[in-house]
Amino acid sequence: MAGQTITVNRKKYAVGLFWQPVGTGFIARNYARNLARNVDKKLNLFAEYRAMVGLGGRKYGQRSGQISAAAEVMEGFAEYMSFLAVFQVGKQFYLVAARNGIILQDKVFDSEQVARQEYVKLSEIPDWGAFFAPGSWAMPRAAERNLADLLNGHSHAGLRSISH
């Protein structure tokens with residue numbers, strides 16, 4: 001789990017966040033604090049995006065102020081409520097899965113084979129709005145998109161400290 005960041009166009013983005021919807025009436029920071037206590041006390045950073053919080057930590061190379069790559073991808077694919085996407089970033093593969101506007105998975109893989117297996121497994125779930133994968137994978141119904149075109153670095157989903 002170490003090294004949960006990717007670099008695109010010389011800018012570091014946080015990936016591998018633990019995403020959860022925030023219930024109505026909850027304050028995102030308080031919800032993130034309680035969630036971190038129950039999941040992993042080393043998760044000391046959170047990003048707020050729409051009605052979700054994503055938990056991360058300094059232990060994983062993430063820093064306060066870093067923007068969540070998953071939130072940026074969600075913005076880039078705003079026309080899709082549900083999508084499954086994999087992008088090659090250097091020697092790594094970055095997978096983002098969203099259903100009904102909720103981020104299900106936000107993960108980076110060092111192995112192409114493992115990333116491909118995860119993509120195939122998730123693609124078996126019905127009713128995806130769109131599929132995106134590297135062209136070399138030749139996945140049916142999948143289009144190839146460049147991650148650098150989606151990430152503009154202007155998302156409001158930056159990581160902040162859970163503690164005040």
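**Aromatic pairs and their surroundings**

Mentor: Let's start with W137: this is a predicted model, and in it W137 has a relative accessible area of 2%, so it is buried.

Trainee: What makes Y119 and W137 an edge-to-face pair?

Mentor: Their ring centres are 5.8 Å apart, within the 6.5 Å cut-off, and their planes sit at 75°, over the 60 degrees needed, so edge-to-face it is. Y119 belongs to helix 3 (residues 112-123) and W137 to the loop between strand 10 and strand 11 (142-143), so the pair ties together parts 18 residues apart in sequence.

Trainee: How many aromatic pairs turn up in the whole structure?

Mentor: A search finds nine. One of them is Y80 with F132: centres 5.8 Å apart and planes at 65°, which is over 60, so that pair is edge-to-face. Y80 sits in the loop between helix 2 (69-76) and strand 7 (83-89), F132 in strand 10 (residues 130-132), so parts 52 residues apart in sequence get tied together.

Trainee: Why is Y80 called partly exposed?

Mentor: Its relative accessible area is 29%, which falls between the 20% and 50% limits. F132, at 4%, is under 20% and therefore buried.

Trainee: Which residues do ring pairs link into a cluster?

Mentor: F77, Y80, F83, F87 and F132.

Trainee: And what lies over the face of W128?

Mentor: R99, at 4.6 Å from the ring centre.

How values were computed: Residues are numbered from 1 along each chain as its sequence is written. This is a predicted model: local features need pLDDT of at least 70, side-chain atom pairs count only at pLDDT 80 or more; totals for chains, interfaces and linings use all residues. Side-chain values use heavy atoms; hydrogens and water are left out. Rings of Phe, Tyr and Trp (its six-membered ring) pair if their centres lie within 6.5 Å; planes under 30 degrees apart count as stacked, over 60 as edge-to-face and the rest as tilted. Helices (H or I, at least four residues) and strands (E, at least two) are DSSP runs, numbered from the N terminus. Buried means under 20% relative accessible area, exposed over 50%, partly exposed in between (1.4 Å probe, protein chains only). A charge sits over a ring if NZ of Lys or CZ of Arg is within 6 Å of the ring centre and within 35 degrees of the ring normal.
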